[in-house]
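Colleague: I'm new to this one, could you walk me through a few parts of it? I'll ask as we go.

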Amino acid sequence: MYLNVWGATTMITDMGAYDWMGNAIRCENCSYRRLQVEGQCQLQHACLQDRYARRIDRFFAWNPTLANGSIAHPYFEVRAVAAKYADIFRLPRLLTDPDDTVRWSAAQRLPTRLLFPLRHDPSREVRIRVAMRLEGADLMPMMKDPDYYVRQTVAGRVPIYLLPFMIYDTEVEVRRVVAQRVGVEWLMPMAGDTDAAVRIEVASRLTPKQLLWLKRDADWRVRYEVANRINLEGLADMHNDSDPLVRERVLQRLHDGAGVESGECK
């Protein structure tokens, strides 16, 4: 196994106890050696010096009062885990940490008003998680985020009255979410979307009367949705549809409808 530290590759011969620099951990040289005697740390299990976040986390779970003194540790995993246990008033300084893992670890515990600067964080992972915490109009600055998944997350959480600003988003998956949530008065403008996946979402919400606009859609999946939901009288000229699945659905509904009108019992 090899561990890359600051561009230098160090060979690790086993999965034992190594620090973040790739050096074997020696308990006799550790400043927390007294904790081992007290059963508050354990090599390869709960150790602040270890390179593995899980072992670091276990160390702080056993010794939470030591987290405050570790938020400036040179190893980012230590800082990130320490942020879970440190006093909350010490965390704002970590929002500008050079590592995105640390920034988000701190952001999870802080009030949302302190997360506003992170709406423009250079890391998409941080911005995604910020979008999952913020609510209401606080999400507006993220509606134009350069990353599509951030915008998709925003589209799923932003108030419905703001969704019209996103109906022409450049990403299909974002527009699909918009089509699922936007007010019904905005569905018809989206019925002409260039992507069939969006139009299918629109067709699933339009009224039977509005579906008349999509009877001749270029995509058979849209027409199939129309055939499922349109009024029976609207089906009359769809029985010759070019797609066999659409024709089958149309004929089935026409047959079922005729049976109901004639009083047949199924």
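Colleague: Why are tryptophan 220 and tyrosine 224 separated by about one helical turn?

Modeller: Bear in mind that this is a predicted model. Tryptophan 220 and tyrosine 224 are four residues apart in helix α10, so about one helical turn separates them. An α-helix has 3.6 residues a turn, so residues three or four places apart point the same way.

Colleague: What kind of aromatic pair do tryptophan 220 and tyrosine 224 form?

Modeller: Tryptophan 220 and tyrosine 224 form an edge-to-face pair, with 6.4 Å centre to centre and 80 degrees between the planes. Tryptophan 220 is partly exposed, at a relative accessible area of 35%, and tyrosine 224 is partly exposed as well, at 30%.

Colleague: How many aromatic pairs does a search of the whole structure find?

Modeller: The search finds seven aromatic pairs. One of them joins phenylalanine 59 and phenylalanine 60, which are edge-to-face at 5.6 Å centre to centre, with 75 degrees between the planes.

Colleague: Is phenylalanine 59 buried or exposed? And what about phenylalanine 60, buried or exposed?

Modeller: Phenylalanine 59 is buried, its relative accessible area being 1%, and phenylalanine 60 is buried with a value of 0%. Phe59 and Phe60 also belong to one aromatic cluster together with Tyr32 and Tyr85.

Colleague: Switching to helix α9, how many of its eight residues are buried?

Modeller: Helix α9, residues 196-203, is mostly covered, with seven of its eight residues buried. Among the buried ones are Ala197, Val198 and Val202, along with the charged-type names Arg199 and Glu201. The cover over these buried residues includes α7 (172-181), α8 (187-190) and α10 (220-229).

Colleague: What happens at the start of α9?

Modeller: There, a side-chain oxygen of aspartate 195 reaches to within 2.8 Å of the backbone nitrogen of alanine 197.

Colleague: Which way do α4 and α5 run, parallel or antiparallel?

Modeller: The axes of α4 (residues 100-107) and α5 (residues 124-133) come within 10 Å and cross at roughly 10 degrees, and the two helices are therefore roughly parallel to each other. The contact is made by Asp100, Arg103, Trp104 and Ala107 of α4 with Val126, Arg129, Val130 and Arg133 of α5.

Key
Residues numbered from 1 in each chain as written. Predicted model: local features only at pLDDT ≥ 70, side-chain atom pairs only at ≥ 80, totals over all residues. Heavy atoms only, no water. Axes fitted to C-alpha atoms, helices over the stretch in contact; angles between N-to-C directions. Parallel < 35°, antiparallel > 145°, perpendicular 65-115°, else oblique. Contact = heavy atoms within 4.5 Å. Buried < 20%, exposed > 50% of the residue type's maximum accessible area, 1.4 Å probe, protein only. Polar contact = N/O pair within 3.5 Å; in protein donor to acceptor, adjacent residues only side chain to side chain. Phe/Tyr/Trp six-rings, centres within 6.5 Å; stacked < 30°, edge-to-face > 60°.
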